[in-house]
Amino acid sequence: MIKVAPSMLAANYLKLGDEIDKVIQSGADVLHYDVMDGTFVPAISFGQEILKMVAKKDIPLDVHLMIQNPEKQIESFAKAGAKYITVHAEAAGFGLKDCIDKIHACGCLAGVSVKPFTMISMIEDVLEDADMILIMTVEPGKGGQKMIPFTVEKVRQLRSILKARGLSKIIEVDGGVNLETARLVTEAGADMLVAGSAFFKAENPKAFVDELRCMPTDQE
Ligand code: DX5
Ligand code: ZN
């Protein structure tokens, strides 16, 4: 079954507690928490202090680090309450495997992410080590964008590489996910879907999550 990760980036921050309750009541699996540093991506979002407060709520936290020098921040995000920590291959460079090891040493699950124009080959060496691979289906940095069509093929390519190597890893997809595009990426092999604007705009968030969860997978 598909896992659903509403992104807090699209929430109304004036009533953040209520918005997170909405995520919990929808039955979503995790809360996706986008960290932006103004360097890796143009915008700045939230850091460790807000995560500590969010962690008081009863839902696992999926922290997506869109930051340079991610190795410097892993420990503090882990301490703040992250369950998953994902770093970008473009930001970690040759230190990608060290970041994964550090995430594991902090007791979290490790994700590696690639931007739309970064090739899967850049992360092939660490597929054994990572728990999750996050394929960005929009340019990272802001919500509300349209999914870039060619990224669906990257999901398919990654799933077939994982299958060929006998690896069972989570493929997470982030950017432009809605009820139409979700189908394309789950059929291609995605098993965890981030949804920001589509979740918070949904009239019935629970029905939205249920529908995403029952999308056809590449196994069917
Ligand atoms: C974008 C972030 C996403 C964002 C997705 O850089 O990583 O998690 O919140 O937003 P939507 O679902 O609106 O594309
Ligand atoms: Zn994200």
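User: Which elements each supply at least two residues of the lining of the largest pocket?

Analyst: Strand 2 (31-36), strand 3 (61-66), strand 8 (192-195) and helix 8 (197-201) each do. Helices (H or I, at least four residues) and strands (E, at least two) are DSSP runs, numbered from the N terminus. This is a predicted model: local features need pLDDT of at least 70, side-chain atom pairs need 80 or more, and totals for chains, interfaces and linings use all residues. Residues count from 1 along each chain as written, chains are lettered from A and ligands numbered from 1 in written order, and side-chain values use heavy atoms, without hydrogens or water.

User: Which element gives the largest share of that lining?

Analyst: Helix 8, with three residues.

User: How do I read a pocket?

Analyst: Rolling a water-sized probe over the atoms shows where empty space is left. On a 1 Å grid over protein atoms alone, a pocket is an open set of points where a 1.4 Å probe fits, with protein on both sides within 12 Å along at least five of seven lines; lining residues have an atom within 4 Å of a point. Here the largest pocket holds about 440 Å³, the space filled by probe spheres set on the points. Of its 30 lining residues, G143, G144, Q145, G176 and S197 are closest to the centre.
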